[in-house]
Amino acid sequence: MTKKLSPSALKVLRESAQGSLYETPMRPSPLGEGGAKAPGGAGAGAGLAVDIFCDGASRGNPGPAGAGALVLDSGTKKSLARLCKPLGRATNNEAEYAALLLGLTEALRMKATRVHVFADSELVIKQINGVYRVKHPVMQQRHQEAMRLLAGFTAWSAAHVPRERNAEADRLANEALDGPGRAS
């Protein structure tokens with residue numbers, strides 16, 4: 001079920017669509033047109049492009065953790081999915097990757113062909129863009145899964161956004177921790 005976004009969330013999304021945010025170049029899938037054989041069969045759809053705003057939260061690092069992702073139609077900015085998932089005990093970086101995977105999996109399920117990822121985790125964005133190496137074994141597994149999912153799109157981009165431009169995904173991550181209506 002799709003919920004309406006609050007006026008403040010809509011304002012943040014409109015602001016994020018301005019400036020250099022969308023100037024991040026799209027990367028073609030390494031397997032060419034049609035993408036990889038990832039779950040959902042991306043590349044077979046009608047050319048749906050989506051924006052994924054994702055965020056993870058951990059209290060204690062490691063501690064109780066949650067992941068949140070907001071999937072929007074890139075053209076209309078209409079909310080297509082609002083996702084939150086409790087993770088149990090995890091580090092913040094594990095939660096950030098879980099949020100990314102949550103959004104990517106949903107986009108593939110929707111048969112999106114192109115995806116723009118936005119996150120306030122500079123580490124995750126720089127790792128999936130190939131700027132930073134992934135050293136930790138658990139993070140290597142999550143990174144490999146993210147790259148496998150991204151290969152399922154005909155094109156993708158990933159950009160770091162300030163926390164204030166990722167407020168709705170942050171709220172969803174906290175909702176995963178606190179329960180509906182109690183997110184801080």
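Predicted model: local features only at pLDDT ≥ 70, side-chain atom pairs only at ≥ 80, totals over all residues.
Just after helix H5, glycine 179 takes a positive phi of about 100 degrees. Residues are numbered from 1 along each chain as its sequence is written, and side-chain values use heavy atoms, with hydrogens and water left out.

**Helix H5**

A quick word on labels: helices (H or I, at least four residues) and strands (E, at least two) are DSSP runs, numbered from the N terminus. H5 covers residues 167-178, and asparagine 174 sits in it.

Next up is burial. Buried means under 20% relative accessible area, exposed means over 50%, and partly exposed is in between (1.4 Å probe, protein chains only). In H5, the buried residues are Glu168, Ala169, Leu172, Ala173, Asn174, Glu175, Ala176 and Asp178. Asparagine 174 counts as buried because its relative accessibility is 8%. Its side chain also makes a polar contact with the side chain of arginine 59, at 2.8 Å. A polar contact is a pair of N or O atoms within 3.5 Å; within protein, one must be able to donate a hydrogen and the other to accept it, and residues adjacent in sequence count only if both atoms are side-chain atoms.

**Salt bridges**

A salt bridge is a side-chain nitrogen of Lys or Arg within 4 Å of a carboxyl oxygen of Asp or Glu.

| Pair | N to O distance |
|---|---|
| arginine 82 and glutamate 168 | 2.4 Å |
| glutamate 145 and arginine 148 | 2.9 Å |
| glutamate 168 and arginine 171 | 3.3 Å |

Take the arginine 82 and glutamate 168 pair. It links distant parts of the chain: arginine 82 is in strand E4 (residues 79-90) and glutamate 168 is in helix H5, 86 residues apart. Both of these residues, arginine 82 and glutamate 168, are buried.

Glutamate 168 and arginine 171, on the other hand, both lie in H5, three residues apart, which is about one turn of the helix. An α-helix has 3.6 residues a turn, so residues three or four places apart point the same way. Glutamate 168 is buried because its relative accessible area is 12%, while arginine 171, at 26%, counts as partly exposed. Arg82, Glu168, Arg171 and Glu175 are linked in a network of salt bridges.

Over in helix H4 (residues 137-150), glutamate 145 and arginine 148 are three residues apart, so about one helical turn separates them. Are these two buried or partly exposed? Glutamate 145 is partly exposed at 28% relative accessibility, and arginine 148 is partly exposed at 35%.

**The sheet**

Now for the strands. Two strands pair if DSSP finds at least two bridges between them. Six strands make an open sheet in the order E1-E6-E5-E2-E3-E4, with mixed pairing. E1 and E4 are the edge strands, each pairing on one side only.

Strand E1 (residues 27-28) pairs with E6 in the antiparallel sense over two bridges, and arginine 27 has tryptophan 156 of E6 as its bridge partner. E6 (residues 155-160) is largely enclosed by the rest of the structure, because five of its six residues are buried. Strand E5 (residues 114-119) runs parallel to E6, joined by six bridges, with arginine 114 opposite alanine 155.

E5 also pairs with E2, again in the parallel sense and over six bridges. Here arginine 114 of E5 is the bridge partner of alanine 49. How many residues of strand E2 (residues 49-58) are buried? The count is 10 of its 10 residues, and both faces of E2 are covered.

E2 is joined to strand E3 (residues 63-73) by nine bridges, and these two run antiparallel. Isoleucine 52 has valine 71 of E3 as its bridge partner. E2 and E3 form a hairpin with four residues between them, and glycine 60 in the turn has a positive phi of about 120 degrees.

Finally, back to H5: this helix lies across E2, E3 and E4, running at about 140 degrees to E3. (Axes are lines fitted to C-alpha atoms, for helices over the stretch in contact, where contact means heavy atoms within 4.5 Å, and angles run from 0 to 180 degrees between N-to-C directions.)
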